[in-house]
Amino acid sequence: MTGFPGFLGSALLGRLLARRDGVRAICLVQPRHHAEARRRLAQVEADQPHVAGRVELVEGDITAADLGVAAISRDTLAEVTEVWHLAAVYDLTVPESVAHRVNVGGTARVLDFCRSRRRFDRLQYVSTCYVSGRHAGTFAEDDLDTGQEFRNHYESTKFEAEKLVRRAMADGLPVTIYRPGIVVGDSGTGATQKYDGPYFLASFLRRQPPLAVVPAVGDADTVRFCLVPRDFVVDAMDALSVLDRSVGRTYALTDPRPPTIRELVTTFARHLHKRVVWVPLPLGPARGLVSLPGVERLLGIPADSLDYFASPTTYDTAHTSADLAGTGVACPAFGSYADRLLDYMVEHPEIDAAAMI
């Protein structure tokens, strides 16, 4: 597994080991995250005793040859038959060189590793719904290159990385691709490691007086916000990863009935005891205003995040819904857990938008 001790990997690790008796896991960890990985693993083992003694942390770097693993540790990796590749740079403002090195170059190195196995069962690859870029209309799970434009280097490099994975799949590598939407906290507890996406909206509303002014940068009744709680993403990946029919499939792991921007704002405002006044403001001028010195910090919402409140894309989840049928795994409705997200945010001000995911 790459991407441990991140937000998804930390929740997923114990689930995978619970389902797979006798299996051991190796987590490839950057040296700078090793201490945090040890703390997180100890917490996972305490919460899930079946994990104890079954996970090894190996220092490495997905952007380096041989995954940056020291020669002494390469024998440890020799018997790996399944890879979960979650590591990526998720920052919307990341420079192109960094995004390409990690998201594209790192995925290429992981694919090299998978191809080098004597016996290999599957690559479980975590992409993102936002390989869609600014695709207008419904983006299907089998879609990839539709001539779309991209809002940032995160989107464009995840698109290029998925192209590499699709190419390897066409050449015979067994792969399952998962495309989460914007992952928010746990639907049961609200717990998260990072406040971004819709949390920026909540921060914006919290800083306003009881009568809150909200700019409408898109059609609030037609634009839908592609969010999904972490527990559904983890549950879905866990269930889908063991199905024979999921080899070669791509799954959009997002809410099949996502809230409109109006529903999102209204739900948050109600919980925060705000009344909303909508002010039409085209996306371009809104970005320009928020980009002025000090305005982002004052409002609590970055200019780069505004694009997602005017996104022209919706996501088809037909593969996901069909293959999860009968498993008991389904995405909860946004209204059923939105309050927990906000309560957790209020109770945990120490978390910010820069926390590790």
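This is a predicted model: local features need pLDDT of at least 70, side-chain atom pairs count only at pLDDT 80 or more; totals for chains, interfaces and linings use all residues.
Helices here are DSSP runs of H or I with at least four residues, numbered from the N terminus.

**Packing of α8 and α12**

- Helix α8, which spans residues 261-271, packs with helix α12, residues 338-347, at an angle of about 55°, and the two axes lie 10 Å apart.
- Because angles under 35 degrees count as roughly parallel and those from 65 to 115 as roughly perpendicular, that angle makes α8 oblique to α12.
- The crossing in which α8 passes α12 is right-handed, and the residues that make the contact are Thr267, Phe268 and His271 on the α8 side, with Ala338, Asp339, Leu342 and Asp343 on the α12 side.
- By residue class, this contact of α8 with α12 divides into three nonpolar, two polar and two charged residues.

**The covered helix α6**

- Helix α6, residues 198-206, is mostly covered, since eight of its nine residues are buried.
- The buried residues of α6 are Pro198, Tyr199, Phe200, Leu201, Ala202, Ser203, Phe204 and Leu205.
- These buried residues of α6 pack against the strands β7 (182-184), β8 (211-216) and β9 (227-229), and also against the helices α8, α10 (295-299) and α12.

- Ala236 belongs to helix α7, which covers residues 230-240, and with a relative accessible area of 0% Ala236 is buried, because buried means under 20%.
- When residues up to four places away in sequence are not counted, Ala236 touches Leu253, Leu324 and Val329.
- Ala236 and Tyr178 are 58 residues apart in sequence, while their C-alpha atoms are 9.3 Å apart in space.

- A disulfide is a covalent bond between the sulfur atoms of two cysteines, and the structure holds zero disulfides.
- Cys114 is in no disulfide, and the nearest cysteine sulfur, which belongs to Cys27, is 15 Å away; Cys114 counts as buried, at 1% relative accessibility.
- For Cys331, the closest cysteine sulfur is in Cys226, at 9.8 Å from its own sulfur, which is too far for a bond, because a disulfide needs the pair of sulfur atoms to be within 2.5 Å.
- Cys331 also counts as buried, at 10% relative accessibility.

Note on methods: Residues are numbered from 1 along each chain as its sequence is written. Side-chain values use heavy atoms; hydrogens and water are left out. Axes are lines fitted to C-alpha atoms, for helices over the stretch in contact, and angles run from 0 to 180 degrees between N-to-C directions. Helices (H or I, at least four residues) and strands (E, at least two) are DSSP runs, numbered from the N terminus. Angles under 35 degrees count as roughly parallel, over 145 as roughly antiparallel, 65 to 115 as roughly perpendicular and the rest as oblique. A crossing is left-handed if the near helix is turned anticlockwise from the far one by less than a right angle, and right-handed if clockwise. Contact means heavy atoms within 4.5 Å. Ala, Val, Leu, Ile, Met, Phe, Trp, Tyr, Cys and Pro count as nonpolar, Asp, Glu, Lys and Arg as charged, and the others, Gly among them, as polar. Buried means under 20% relative accessible area, exposed over 50%, partly exposed in between (1.4 Å probe, protein chains only).
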